[in-house]
Amino acid sequence: MKISLQWISDYVDLSDLTPEEIAYELTMRTVEVEDVHKQEQAYDKIVVGLIRELRPHPNADKLRVAVVDVGSEEEATIVCGGSNLYEGQRVAVALPGSYVKWHGEGEPVEIRSTKLRGVASAGMICASGELGLEELFPAASEAEIIDLKDFDQPAGTPLAQALQLNDVILEIDNKSLTNRPDLWGHYGIARELAAIFKRELKPLSGFKLDPALRDNAAALPITIEAPHRCSRYAGLIFSGVDSRPAPFWLQARLHAAGMSPHNCLIDITNYVMLATGNPTHGFDRRFVEDEIIVKEARPGETLELLDETFLELTTEDLVICDAVEPMALAGIKGGKKDSLHDDTTELVLEVATFDALSVRQTAQRFNVRTEASSRFEKALDTQRVDQAIALACDLIFAHFPQAKLLGFSDAVAATTEVVTVEVGIEDLTGSLGQKVSTGEVKALLAGLGFGISGTSVLTVTAPSWRSTGDIEEFCDIVEEVARLIGYENFDFIPPRVTLERAVKQDHFALERRIREYLAFRCGFREIFTYPWVADDLIEAAGIAEDGMLSLEQPPAPDQARLRSSLVPGLLGNARANLRYVDDLRVFELAQVFCAGQEVVSDPAEKLPRQELNLAAVIVDRSDRGVEIFRELKGVLEELPRYTGAEPFCFSSVQKPGWADDAVWLNLTTAAGDIIGHLGLVSRRAMNFANIKRVQMAVCELDLSKLLPLPSRDNVYRPLPHYPLVAEDFAIVIDETVSWEQISAIVAPMVRDLYFVEEYRGSQVPAGKKSLLFHVLLGSDQATLSTEQIAGKRAAIIKQLNKHLGAELRQ
């Protein structure tokens, strides 16, 4: 959303602050400001020029040479092909060093002094598209330049100043204000800034409707037949209006906020929406028959739009009707019948409050998102209708002095009830981690429109514009106080942390090892697919749809089911990638969704049962079906060894629905339970998936049934700095001596120790055995000499003889 700081200045004085300061504080306390855009930067070195003389170009029939006063000592000579040039005309001149879009297309290019067909040209007389002003100065043709005849500005005046295009625009991330319906208008942002900087907030409008005009003979009767979907609907009848253009300042504000100007009536309705956050809509009184009815559409009803297309309505859609037929899709879009025309003289102004969920669902169903629907679906309060009415009346009477309010109707099905929250000061202090006083809390919240009473326990009453789901409980008040104090102003209290050894989670380690094995050793690429799958891929995989979970609001009509297998996603990925490559090796390790429910943490929150699956595919355009099947089988055979998983077996028990009749296997545990499938994809499956002229081998494995094997922890040992020496020892010892006893003596004396073999025979005395072991000797100071090696051997034999009675075998 775009916010104009000039517009904001109508409501709160921030003239002593820089735009960067405003953006920073707004980001830290309310919503995220993504960018600060200064309009005048785009019009640097672009000025108002006055054409003093026009003469033909000597070498080009379609070009003319203009002598232009640009406010400097010397007049500029500029070659121009504009179709509407005349002497005495005020134009927009881009001087050398400025940037414009060449013919309104591409990136801005620098204007330089140059020669055009042999005539020197010191600048450019601009068309609106070249300056990005085509909405403010619509042109009949590309050759039509901007005519500034309505702007009495001296030559040389910077264009940004002449057209009041020196605003500063804050671009706000819409996601950061999704739960703040009060901030979808400039007045709501101004209220926040006034509270943040402790400034006075000016009233929006003081206009009051004349009660005598309510429900009079000129007013249209209003009936709300769906009170659960429309809380309030007001309709005002104005005469003495027409389709004149809006004043330029109003057009410029709409342009700055990202909306296109049309005519004064339409621009006023958009201006009111951008100011208050409450959308409004205008009907031509001539085409509204007798009354206005807010109701749910009947089956078979249609709504014709301005582009002469028709929407097929259902009972789930809320429509605005007259006595004959639907005129508009409530809160979203108007129809052709109700629209304002060039010859409109009487206006029916709609200001209403519609149910947020109803608007969002209808907008999603028709794939229509408008500025109005974006605001209504955030949940607006009914009291805001009064603000919108007052501002609209002010603007209509200001720009149509002859206009009259003939009558109005205001149907109210429900009024937004304000929320009240009890807040204990001690509880608030405890939650904030910082002491706050009653007076400080009252001062902070009062600036946002909250009502506060009490001392140690405060009764906080949220304003209506914060009572539609935003403020509900104690923690919401904690947040309001904390953000206004400023999160950066809280003292940092470091938490007490006790670091312990990490819990060994074998399943997570197994998942990582599987990914590394497939990617690094087997050459697969990991992919991530959406959890919903297309119907044609489900049929291709041979999966029964009745066992799959369905989405209430699917991203597309043919993608309404959650995957119960990863195979459909692999087929879809292969289909997409085979447009660019001839062979493919990919895998996915992700959750699948099964029938049934499970509770993860909160018993009130039930989720679909999920299992972790692994699936992989090898695709080859050559006729190597059996070879790639065997290759994928080899990948699976080696997987337990390289990843430390429990081994599994291959058997033929149950053919998967996607597999070839002859080339398939099941993966089974030692107990015979099926935990996965492997096979070539059948021609039937590939035809359903629209995959042609390839061979595909696919496997899928239920990882929740694949157990990681326990293993010892690895220990780092540095490589030796000097060469190690290998020595063998053949010793004779008593039969009762174990290898563990020998290892306990020798291991501390050597770099490494290996058992080789035991021998018993005629060459060994009775009751004795010969044992051969291998050692590695070394030093960290230098390479061992012959004498040092002999000394270490002697020391080992001495210790073995002393403790175990061992002798070297001769």
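This is a predicted model: local features need pLDDT of at least 70, side-chain atom pairs count only at pLDDT 80 or more; totals for chains, interfaces and linings use all residues.
How far apart do the C-alpha centres of domain 1 and domain 6 lie? They lie 82 Å apart.

**Domains**

- The domain assignment gives domain 1 in two pieces, residues 2-32 and 173-196.
- Domain 2 covers residues 41-162 and domain 3 covers residues 211-412.

**Largest pocket**

- The volume of the largest pocket is about 860 Å³.
- Its lining is made of 32 residues, and the closest to the pocket centre are Ile266, Asn270, His281, Lys333 and Gly334.
- Two helices, α6 and α8 (371-376), each give two or more residues to this lining.
- The strands β15 (280-284), β20 (326-329) and β21 (333-334) also give two or more residues each.
- Helix α6 provides the largest share of the lining, four residues.
- Sorted by class, the lining has 14 nonpolar, 13 polar and five charged residues.

**Helices α6 and α9**

- Two packed helices are described by the angle between their axes and the distance between the axes.
- Helix α6 spans residues 264-276 and helix α9 spans residues 384-399.
- The axes of α6 and α9 come within 10 Å and cross at roughly 145 degrees.
- The crossing of α6 past α9 is right-handed.
- From α6, the contact uses Cys264, Ile268, Tyr271, Val272, Ala275 and Thr276.
- From α9, the contact uses Arg384, Gln387, Ala388, Leu391, Ala392, Leu395, Ile396 and His399.
- This contact of α6 with α9 holds 10 nonpolar, three polar and one charged residues.

**Helices α10 and α12**

- Helix α10 (residues 425-432) packs against helix α12 (residues 474-485) at an angle of about 65 degrees, and their axes are 10 Å apart.
- Helix α10 also passes α12 in a right-handed crossing.
- On the α10 side, Asp427, Leu428, Ser431 and Leu432 take part, and they meet Phe474, Val478, Val481 and Ala482 of α12.
- The residues in the contact of α10 with α12 are six nonpolar, one polar and one charged.

How values were computed: Residues are numbered from 1 along each chain as its sequence is written. Side-chain values use heavy atoms; hydrogens and water are left out. Axes are lines fitted to C-alpha atoms, for helices over the stretch in contact, and angles run from 0 to 180 degrees between N-to-C directions. A crossing is left-handed if the near helix is turned anticlockwise from the far one by less than a right angle, and right-handed if clockwise. Contact means heavy atoms within 4.5 Å. Ala, Val, Leu, Ile, Met, Phe, Trp, Tyr, Cys and Pro count as nonpolar, Asp, Glu, Lys and Arg as charged, and the others, Gly among them, as polar. Domain bounds come from an automatic or database domain assignment. On a 1 Å grid over the protein atoms alone, a cavity is a set of points where a 1.4 Å probe fits but cannot get out, and a pocket is an open set with protein on both sides within 12 Å along at least five of seven lines; lining residues have an atom within 4 Å of a point. Grid points are joined across faces, edges and corners, and a volume is the space filled by probe spheres set on the points.
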